[in-house]
Amino acid sequence: MSSINIPLSEIANDVVVDHIKLLCQQAYELGVEDARRKFSFPEVLTKDHLAEIFQVEKSTVNRIVSLPAFPKLKDVRARYPREQVISWILKNSTWVEENTNYFNKEAM
């Protein structure tokens, strides 16, 4: 019987590469799922959509949409532009501000 000599460093490299591939695949799948959730809503949202997004009751949605800075369509009552709502959430989230450098990016 012949023996196979594989250096330990080569085995370790293969393990690391396989682990990185797995992590990349998981990150990709998570990103796809996040995008699917974000874009599963129509471009113009209703209060029902907002209740689902915020995971709150409609009475809370009513308080949120009454805020002067909350994005609304001008000529259509009780309709909210999805992308502006998502931006508003990001800008008004203390978690993003406290845990990332997202709003401190410098212009090139």
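Me: What should I know about the model before reading values?
Reply: It is predicted: local features need pLDDT of at least 70, side-chain atom pairs count only at pLDDT 80 or more, and totals for chains, interfaces and linings use all residues. Residues are numbered from 1 along each chain as its sequence is written, and side-chain values use heavy atoms, with hydrogens and water left out.

Me: How many helices and strands does the chain have?
Reply: Five helices and two strands. Both are DSSP runs, numbered from the N terminus: helices are H or I with at least four residues, strands are E with at least two.

Me: In which pattern along the sequence?
Reply: The chain reads α-β-α-α-β-α-α.

Me: What radius of gyration does the chain have?
Reply: 23 Å, while a compact globule of 108 residues would be near 13 Å. The radius is taken over C-alpha atoms, and the globule rule is 2.2 Å times the number of residues to the power 0.38. Along its principal axes the C-alpha trace spans about 80 × 35 × 25 Å.

Me: What share of the residues counts as buried?
Reply: 16% of the 108 residues. Buried means under 20% relative accessible area, exposed over 50%, and partly exposed in between, with a 1.4 Å probe and protein chains only.

Me: Switching to rings. How many aromatic pairs are there?
Reply: Three. Rings of Phe, Tyr and Trp (its six-membered ring) pair if their centres lie within 6.5 Å; planes under 30 degrees apart are stacked, over 60 edge-to-face, the rest tilted.

Me: What is the geometry of Phe54 and Trp88?
Reply: Edge-to-face, with 6.4 Å centre to centre and 85° between the planes. Phe54 lies in helix 2 (residues 47-54) and Trp88 in helix 4 (residues 82-91), so the pair ties together parts 34 residues apart in sequence.

Me: And Phe70 with Trp88, what are the numbers there?
Reply: Their ring centres are 4.8 Å apart and the planes are at 75°, so this pair is edge-to-face. Phe70 sits in the loop between helix 3 (58-65) and strand 2 (80-81), 18 residues from Trp88 in helix 4.

Me: Phe70 and Trp88: buried or exposed?
Reply: Phe70 is buried, at 3% relative accessible area. Trp88 counts as buried at 14%. Phe54 is partly exposed at 22%.

Me: Which residues make up the ring cluster?
Reply: Ring pairs link Phe54, Phe70, Tyr80 and Trp88.

Me: Back to helix 2. Which of its residues are buried?
Reply: His49, Leu50 and Ala51. Their cover includes strand 1 (44-45), helix 3, strand 2 and helix 4.

Me: What comes just after helix 2?
Reply: Gln55, with a positive phi of about 60°.

Me: Now the surface. Which residues make the nonpolar patch?
Reply: Ile4, Ile6, Ile11 and Val15 make a patch of about 400 Å². Patch residues have over 30% relative accessible area and no salt bridge; like charges are joined within 9 Å, nonpolar side chains (Val, Leu, Ile, Met, Phe, Trp, Tyr) within 5 Å. A salt bridge is a side-chain nitrogen of Lys or Arg within 4 Å of a carboxyl oxygen of Asp or Glu. Areas come from the Shrake-Rupley method with a 1.4 Å probe; for residues, only the protein chains shown count as cover.

Me: Where does Val15 sit?
Reply: In helix 1 (residues 8-39). Val15 counts as exposed, at 52% relative accessibility.

How values were computed
Contact means heavy atoms within 4.5 Å.
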